[in-house]
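Me: I am new to this structure and would like to learn how to read its features one at a time. Could you show me the general idea and then the case at hand?

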Amino acid sequence: MELDLSITLILIVSGIIVGAINTLAGGGSVVTVTMFTALGLPITIANGTNRIAVFLQNFTATITFLRKGAFNLKQGLMLSVPVILGNIAGSLVATHINDNIFKICFGIILVIILLYLIFDSRIKIKEGHNLDIKPWHYLLFLGIGFYGGYIYIGIGYLILAITLWAMRMDIMTANAIKNFVIFVATPFSLAVFIINGQIDYLFGIPHGVGNIIGSFLASHYAAHLGKGFIKAFTLIIVLICFADLVGLLSLHDIFAQMMTTVCE
């Protein structure tokens with residue numbers, strides 16, 4: 001499919017939205033992959049192409065969070081190692097995506113995050129420093145890496161589930177760690193998809209540019225927005241993703257209709 005100006009603008013604008021969603025919460029890749037498939041990309045190509053935006057948005061967010069001292073860099077690197085290993089393994093088996101397995105995993109992740117946002121644990125660690133990283137945390141992050149390499153969609157919520165519930169981080173620090181870990185690990189899975197020819201650069205690059213803008217704005221103003229706003233924002237996005245997952249609405253149909261309207 002050749003891209004005209006209107007489609008390119010939609011990719012950029014949607015990238016801005018997705019970049020902001022993924023930086024402050026997660027689940028934006030549902031929008032990206034749904035839009036790519038609505039535009040005609042096979043799911044495997046959409047899955048691979050999405051990694052361009054993922055890398056660019058998390059690179060942008062990481063630079064901003066590092067400048068603000070939002071997390072401990074050394075500990076972030078320690079958590080990134082098992083994610084990298086899992087990411088490579090997951091990408092190597094990502095030629096086929098089982099929808100049922102994905103829906104079950106994603107549904108469980110969304111429920112965990114919803115429970116956290118509703119009941120809100122009071123045991124928190126200040127600004128991500130001096131994290132109490134235990135050996136079993138590395139096993140969890142290895143699993144996160146495999147899932148991220150295989151499907152990716154929802155990995156932000158999976159990382160939030162682990163960092164918020166198992167490691168007792170506050171939501172601001174958890175978001176910073178989430179963006180850093182994904183940024184460090186994504187190039188390895190992206191390389192696997194590039195080698196296997198499962199990247200569409202015409203879609204990926206303009207959408208990635210939008211992601212840079214959205215991620216910069218979201219990470220830059222995260223501290224000003226406050227934890228209350230980020231928590232509410234995350235809750236709204238989780239509810240939308242859950243509604244799509246259980247069939248209360250269809251993001252695919254919404255984007256397909258948008259694409260039809262634009263192309264007419």
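This is a predicted model: local features need pLDDT of at least 70, side-chain atom pairs count only at pLDDT 80 or more; totals for chains, interfaces and linings use all residues.

Me: Is Phe188 buried, exposed or partly exposed, and which residues is Phe188 in contact with?

Reply: Buried means under 20% relative accessible area, exposed means over 50%, and partly exposed lies in between (1.4 Å probe, protein chains only). Phe188 has a relative accessible area of 37%, so Phe188 is partly exposed. Contact means heavy atoms within 4.5 Å, and, leaving aside neighbours within four places in sequence, Phe188 is in contact with Ile84 and Ile88. The C-alpha atoms of Phe188 and Ala89 are separated by 9.8 Å, although these residues are 99 apart along the chain.

Me: What does Ser189 touch, and is Ser189 buried or exposed?

Reply: Not counting residues up to four places away in sequence, Ser189 touches Arg51, Asn87, Ser91 and Gly149.

Me: How should I read a pair of aromatic rings?

Reply: A pair of aromatic rings is described by the distance of the centres and the angle of the planes. Rings of Phe, Tyr and Trp (its six-membered ring) pair if their centres lie within 6.5 Å; planes under 30 degrees apart count as stacked, over 60 as edge-to-face and the rest as tilted. By this rule the count comes to five aromatic pairs. In the case of Phe55 and Phe59, the ring centres are 6.3 Å apart and the planes lie at 20°, so the pair is stacked.

Me: Where do Phe55 and Phe59 sit in the chain?

Reply: Phe55 and Phe59 belong to helix α3 (residues 43-67), and because they are four residues apart there, about one helical turn separates them. Phe55 is partly exposed, with a relative accessible area of 24%, and Phe59 is partly exposed as well, with 39%. Phe59 also forms a tilted aromatic pair with Phe183, with 5.5 Å from centre to centre and 50° between the planes. This second pair links distant parts of the chain, since Phe59 is in helix α3 and Phe183 is in helix α8 (residues 171-195), 124 residues apart. Phe183 counts as buried, at 18% relative accessibility, and Phe55, Phe59 and Phe183 form one aromatic cluster.

Me: How do I read the way in which helices α1 and α8 cross?

Reply: Axes are lines fitted to C-alpha atoms, for helices over the stretch in contact, and angles run from 0 to 180 degrees between N-to-C directions. The axes of helix α1 (residues 5-24) and α8 come within 8 Å and cross at roughly 120°. That makes α1 oblique to α8, given that angles under 35 degrees count as roughly parallel, over 145 as roughly antiparallel, 65 to 115 as roughly perpendicular and the rest as oblique. The contact is made by Asn22, Thr23 and Leu24 of α1 together with Asn175, Lys178 and Asn179 of α8.

Me: Which residues does Thr23 touch, and is Thr23 buried or exposed?

Reply: Thr23 lies in helix α1 and is buried, with a relative accessible area of 1%. Not counting residues up to four places away in sequence, Thr23 touches Ala61, Phe65, Asn175, Lys178, Asn179, Ser215, Ala218 and Ser219. Thr173 lies in helix α8 and is buried, with a relative accessible area of 0%.

Me: How many helices and strands does the protein chain have, and what share of its residues count as buried?

Reply: The secondary structure of the protein chain comes to 10 helices and zero strands, and 54% of its 264 residues count as buried. Among the contacts with a separation of 6 or more, 85% are between residues 24 or more positions apart.

Technical notes
Residues are numbered from 1 along each chain as its sequence is written. Side-chain values use heavy atoms; hydrogens and water are left out. Helices (H or I, at least four residues) and strands (E, at least two) are DSSP runs, numbered from the N terminus.
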